[in-house]
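Student: Could you show me how to read helix packing, sheet order and a ligand shell in a model like the one below?

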Amino acid sequence: MTNSRFAASRRHVLGAAGAAFATAAVAADGDAPSAAPGVPAGGVHVAGSDEIPAALVGCGGRGGSAITDAFDARGGRVKLTAMADVFPERIVSVRKSLEEQFKERIDVTDDRMFIGFDAFRKAIDALPAGGIAIFATPPAFRAAHFAHAIERGVHVFMEKPVSIDGPSTRRIIELAPQADARRLKVAVGLMCRHCDRRRELQERLRAGEAGEIIAFRGYRTHTPIHDLDLAPGPEGESELMWQVKRFHNFLWASGGVFSDYCIHHIDEVAMMKGGWPTVADAVGGRHFKGKINDQNFDVYSVEYTFDDGVKFFYENRLMRNCRQHFGVYGQGSKGAFTVSTSGHSPAKSTIYRSQRMEKDNVLWTAEQPEPNPYRREWDHFIEAIVTDTPYNEAIRGAEAGLVTAMGRFSAHVGRPVTFQEMLECPEDLTAGVEHLTLESPAPIVADAEGRYPVPNPGRTKFELRGDV
Ligand SMILES: NC(=O)c1ccc[n+]([C@@H]2O[C@H](COP(=O)([O-])OP(=O)(O)OC[C@H]3O[C@@H](n4cnc5c(N)ncnc54)[C@H](O)[C@@H]3O)[C@@H](O)[C@H]2O)c1
């Protein structure tokens, strides 16, 4: 990478201590952690400019949307200056589309477009300290990318899930305080937590408007969004790159569809409850698949239990021509409530006067239209950067990943699993991904008949490891 402007900027920032950083107010409550050596007190974003340079790592569907949300965030400060992906065509198409819509917010020259599994390093290194790294790759790579961003002193917005099993959760939890020590801000793309209407529902539930909460239930049943039939296989492409492209199908890359799709619903229930469930007891199975099987089950049904005995029943089915249902609800001793329905936004949160969930029985319903939570999460993140207010969603994000993994793991092994057991689980689905190159063999391979390893409930102790 040859970018003299940013190289000079980085030298300037690191060399000139506090003066090199914008003078932003320290948190009014004085709670900002003290700066690490080499990080000037009050240093929050880049010197000499209101703009905050950003690097996008993972230029797919979500990456392209996340940067748009960043542009729209309060203050309009974010400017895209570097991009990284393992496929050059992804960068080219996202850059083109962004340039058409937001010309003045894009400054990604060809020498700041980086390709390969090490592209994230180069894109982060192209940022001055105080810039923002946005991670929207498959989740397998999150911990390695996060570690480098902290090392280079840049703020992080990372998409969910940030972890998919015990070891990846532990990695993120260990890294989180290092970001605090450097006064970096860390956002995790669990946008439901930033939804104004869900926050209002949370307050109303805490005030007892639905009575004592007894149970939650949630559904994500629809036609598969991503192609779960892997036929005809990686024709003309390396097995590794083919698996990376179809990351929802492979447990090492994403934790599978349950981890990738269901985390939002599980997280918003935990938000309403004010804590995590401590046990998951799940069933699941494979009914019919394509010609080449992926590693997911078609159906998952999880019973989560909180410490106080409150239950959360969750169903996930990805099948064609079956009932489609997307929403999360709860039962209180005074009345039922809707946390969200139909999609992540608008939530249309509602509390009913009794268990009868009908329009003529509404006690309160969220005002429409609703502010976009994908935008609001960026408002909150940018506000924290500009005001140097402590802000770190990494541990909560990792715990959401872990609790989601509990449901998947329980279905895959065929027995209940506790939060602690999952956290300590040695099965490391993403082991070694930080060493991948474009030429590496894939982390898993199909057998002679083209079948990938699948979990066998009741037969093994772990999801894919053969231990009994
Ligand atoms: N918050 C939300 O509602 C939401 C919505 C959609 C996706 N997501 C999350 O965003 C992430 C990406 O999902 P997507 O739908 O955009 O997938 P995608 O396949 O469209 O995009 C992923 C991009 O990352 C690239 N990539 C893969 N490995 C890489 C690596 N090691 N280094 C650099 N680039 C790499 C791919 O080539 C691809 O361009 C997932 O974690 C997903 O769960 C979140």
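Student: Which strands does helix H12 lie across?

Tutor: Helices (DSSP runs of H or I, at least four residues) and strands (E, at least two) are numbered from the N terminus. Contact between two residues requires C-beta atoms, placed from the backbone, within 7 Å. Here, H12 (residues 394-413) lies across E8, E9, E10 and E15, at about 55 degrees to E8. Axes are lines fitted to C-alpha atoms, for helices over the stretch in contact, with angles from 0 to 180 degrees between N-to-C directions. This is a predicted model, where local features need pLDDT of at least 70, side-chain atom pairs count only at pLDDT 80 or more, and totals for chains, interfaces and linings use all residues. Residues are numbered from 1 along each chain as its sequence is written.

Student: What order do the strands of the open sheet have?

Tutor: Strands pair if DSSP finds at least two bridges between them. The nine strands run E14-E13-E12-E11-E7-E10-E9-E8-E15, with mixed pairing. E14 (362-365) and E15 (417-418) each have a single partner strand, so one side of each lacks a neighbour in the sheet.

Student: How many bridges join E8 to E9?

Tutor: Seven, between antiparallel strands E8 (residues 279-285) and E9 (residues 299-305). Ala280, for instance, has Tyr304 in E9 as its bridge partner.

Student: And which helix supplies the largest share of the shell around the ligand?

Tutor: H2, with three residues. A residue is near a molecule if its C-beta atom, placed from the backbone, lies within 6 Å of it. In this model 26 residues surround the ligand, with Gly58, Gly60, Gly61, Arg62 and Glu159 the closest.
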